[in-house]
Amino acid sequence: ANRRPRRRNDRADPRTNFIKDRQFFEATGHSPVAANHLSRYNNAMTRLRFCPLIRDDYARMRHITVAPEQVIYSGTVKMAFESDEVGVDLHGIFEAHADTEQAVGFFKIDHKFPRTYGFARPGDLGLRAFMIDHACQRRGIGSRSMAQVGLYLRNLYPDAQALVLTVNLRNTAAIRAYIKAGIEDTGDIYSGGIAGPQHIMRLQLSQAPMAADLADKSNLPLS
């Protein structure tokens, strides 16, 4: 008899409870818990999209930064746009909400990898300068991006055989994220990296489904 009647709209919109929880966490200072809660909410309510970039796109990507200690591994967006390398394509990672979209990451695809590095095979694409905006890290966006990028690249570069990347031995967080996303650690080490020895990792693009294999084509490259 003493139970409070539930208001009809209490559960009408999950965002209502989310906002209440966020306000509670902020007010009580439980930032680690709040971060966990916000991460689960954002992952459930958003999706990622990849898109080729041109040099004129720098303005919408320049806000993407990484921590100073990560620059030695990934470089910066400014450096990537200013280098204007032949045979290198630029790509953005975007987080799509209900009616908005924000750039949250960036990477380069290097077609010269087989000619530059002895460990790369004909038909391999090189992944370089992969970065997630510092403000968007610790939300699983990096792992989700790497888990989905194979489909995107296979459809954009249908003749490519594999995606190859090198990861510094000290960059353990990135190594774990790549392995979690299904990228193979070949066990080989490249010793010519500027920042020290690097793991050589591969993702077979031939194993990623083509557009015709999927009902959901939301993550395919747009024309």
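View 1. Glu82 counts as exposed, at 54% relative accessibility, and Lys78 as partly exposed, at 44% (buried is under 20% relative accessible area, exposed over 50%, partly exposed in between, with a 1.4 Å probe and protein chains only). This is a predicted model, in which local features need pLDDT of at least 70 and side-chain atom pairs count only at pLDDT 80 or more, while totals for chains, interfaces and linings use all residues. Residues are numbered from 1 along each chain as its sequence is written, and side-chain values use heavy atoms, with hydrogens and water left out. The side chains of Lys78 and Glu82 form a salt bridge of 2.6 Å, N to O (a side-chain nitrogen of Lys or Arg within 4 Å of a carboxyl oxygen of Asp or Glu). Both residues belong to helix 5, residues 77-83, and sit four residues apart, about one turn of the helix (helices are DSSP runs of H or I, at least four residues, and strands runs of E, at least two, numbered from the N terminus).

View 2. The structure holds ten salt bridges. Lys112 meets Asp110 at 3.2 Å, N to O, and Asp110 is buried at 3% relative accessibility. Through shared partners, salt bridges link Glu85, Lys108, Asp110, Lys112 and Arg128 into one network. Elsewhere, take a look at Arg60 and Asp57, whose side chains meet at 3.5 Å, N to O. Here Arg60 is partly exposed, with a relative accessible area of 36%, whereas Asp57 is buried, at 15%.

View 3. Strand 6 runs antiparallel to strand 7 (residues 198-204), and four bridges join them. In this pair, Tyr190 faces Gln198 of strand 7.

**View 4. Inside the nonpolar cores.** The largest nonpolar core has 29 residues, and those with the most contacts inside it are Phe107, Met146, Leu153, Leu163 and Tyr178 (such a core is a set of buried Ala, Val, Leu, Ile, Met, Phe, Trp, Tyr and Cys residues joined through side-chain atoms within 4.5 Å). Among the elements giving two or more residues to this core are strand 1, strand 3 and helix 8, and helix 7 gives the largest share, five residues. Leaving aside neighbours within four places in sequence, Tyr178 is in contact with Phe130, Met146, Leu165, Val167, Ile183 and Met201 (contact means heavy atoms within 4.5 Å). A second, separate core of 14 residues includes Met61, Phe81, Phe106 and Met131.

**View 5. Ala96 in strand 2.** Ala96 lies in strand 2 and is buried at 9% relative accessibility. Thr46 is 50 residues away along the chain, yet the C-alpha atoms of Ala96 and Thr46 are separated by 5.6 Å. Beyond neighbours within four places in sequence, Ala96 is in contact with Thr46, Arg47 and Glu101.

Definitions and conventions: Pairing = 2+ DSSP bridges.
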